[in-house]
Amino acid sequence: MATIPNLNSLRRGRGRGFGRDVSRPGKDQVVQGTDNDASVSRLSAVQLGYLDDPYATALTPPGAATRRLPIINRGTYVRTTTIDQLVTRFLGPWAPDNKRKQIISLGAGSDTRVFRLLSSRQSPDFVYHELDFAVNTTAKIRAIRSAPELQRVLGIDSSVSEKDSLVTVSEAGDALQSPSYHVHPVDLRSLSAHSDPTKALPGVETGLPTLLISECCLVYLSPTEAQQVVSFFTEGLFGGSATGPGGDAQVGQTAAPLGLILYEPIRPNDAFGEVMVSNLAARGIQLQTLHKYASLEAQRARFRDQGFGDGQAAGDVEFLWKNWVSEEEKDRVAGLEMLDEMEEWELLARHYCIAWGWRDQDDPSAFAGWKTLEAQQGG
């Protein structure tokens, strides 16, 4: 997503998934708009050959395409491929007897991951949920309705009328329901107010092993609000009795295994971090949890404190580039365009991280694919 999510000139964005705060007029609209930065950066990386994503064009606003700087393209590549690897290891290899799994993306915006997964013949059975502010979900559903390639992935047959289709869209055009993909217009800050968490997000199955993804979404909330959002899932939605596809309670089942992936900026207190924060503030963007979770160790402690006690790990983007990308792939990426600003790349890459944590409950196999991954031990 020149922004934070893609390491774009110290700005950032993804969907955001929360509504307007009347005490800070206009602030949320600024954050919501960063999703355009995200889609443009993704398309730049795709067009230059960093990433293979046939859906990037359909989910980028017309006329918005701009070639990003080499360091931004490389950052987008590392972020995307690292999270892809974590998601792939969570889902596991395809097999007829694999248990169905579930992914919930917070502030998903224009993200294409669900379409890439659904179009992969090797993907196991899963259901994918996206949560975001209504202005962003409406834009995404409008793009789906106008892009045949996106409709084909969802199994929408042009010869079938909408009322007879397995894919349904709300009258307002901001929500979508299908057997494998759900789009929810929701203010994340409102989730904890629901007296019955199982009714807050229609279609979510609390009996499935589930993965939460937040790509620079929770960082825009206050520390208290961010903690409440995660607690809604760990203690509320996935903390009690399990429910199945129809929302019926499954008696005798314990809470399903749950994992979380975070992509966020870190290290705001050195010279580079101070400039990063200042540049964002000039755009009206405040990263409210940044100082509370300013280091890799603080991110790991965050996972422990919020119930992901079976494992926590983290790595900054520089570490992930050096240790998670093969030498052959590094050579391929380096050959795509000249990157002269190596010192600037290393500085920028040290100020963003991917952190992940999980709780296994009674199913230690759910996150088995994560347990051998190399992570960074330093703060």
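Strand β1 is mostly covered, with six of its six residues buried (buried means under 20% relative accessible area, exposed over 50%, and partly exposed in between, using a 1.4 Å probe and protein chains only). This is a predicted model, in which local features need pLDDT of at least 70 and side-chain atom pairs count only at pLDDT 80 or more, while totals for chains, interfaces and linings use all residues. Residues are numbered from 1 along each chain as its sequence is written, and side-chain values use heavy atoms, with hydrogens and water left out. Helices (H or I, at least four residues) and strands (E, at least two) are DSSP runs, numbered from the N terminus.

**The sheet as a whole**

- Nine strands make an open sheet with mixed pairing, in the order β3-β4-β5-β2-β1-β6-β9-β11-β10; two strands pair if DSSP finds at least two bridges between them.
- At the edges are β3 (168–169) and β10 (311–316), each of which pairs on one side only.
- As background, strands of a sheet pair through backbone hydrogen bonds, either parallel or antiparallel.

**Strand β1 and its neighbours**

- From β1, the residues K101, I103 and S105 point one way, Q102, I104 and L106 point the other way, and all are buried.
- On one pairing, β1 is joined to strand β2 (residues 126–132) by six bridges, and the two run parallel.
- Within that pair, S105 stands opposite E130 in β2.
- Strand β1 (residues 101–106) also pairs with β6 in the parallel sense, over five bridges.
- You can follow this second pairing residue by residue: Q102 has T210 as its bridge partner in β6, I103 stands opposite L211, and I104 has L212 as its bridge partner.

**Strand β6**

- Strand β6 (residues 210–215) is mostly covered too, since six of its six residues are buried.
- T210, L212 and S214 point one way from β6, whereas L211, I213 and E215 point the other way, and all are buried.
- Strand β6 runs parallel to β9 (residues 258–265), and six bridges join them.
- T210 stands opposite L258 in β9.

**Helix α7**

- Helix α7 (residues 271–282) has twelve residues and reaches 17 Å from its first C-alpha to its last, close to the 16 Å expected at 1.5 Å a residue; the expected span is 1.5 Å times one less than the number of residues.
- The buried residues of α7 are F272, G273, M276 and L280.
- Seen down the axis of α7, these buried residues fall within an arc of 100 degrees, so they line one face of the helix (the arc is that of the directions from the helix axis to the C-beta atoms).
- The exposed residues A271 and A282 sit on the face of α7 turned away from its buried side.

**The largest pocket**

- On a 1 Å grid over the protein atoms alone, a cavity is a set of points where a 1.4 Å probe fits but cannot get out, and a pocket is an open set with protein on both sides within 12 Å along at least five of seven lines; lining residues have an atom within 4 Å of a point.
- The largest pocket holds about 400 Å³ of space, where a volume is the space filled by probe spheres set on the points, and grid points are joined across faces, edges and corners.
- Its lining has 20 residues, and N36, L59, P61, A139 and K140 lie nearest the centre.
- The elements giving two or more residues to this lining are α1 (27–47) and α4 (134–146).
- The largest share of the lining, seven residues, comes from α4.
- By type, the lining of the largest pocket has eight nonpolar, nine polar and three charged residues (Ala, Val, Leu, Ile, Met, Phe, Trp, Tyr, Cys and Pro count as nonpolar, Asp, Glu, Lys and Arg as charged, and the others, Gly among them, as polar).

**The second largest pocket**

- About 260 Å³ of space lies in the second largest pocket.
- It is lined by 13 residues, and D52, D84, T88, R116 and L117 are the closest to its centre.
- Both α2 (70–91) and α3 (113–118) supply at least two residues of this lining, and the largest share, six residues, comes from α2.
- This lining divides into four nonpolar, four polar and five charged residues.
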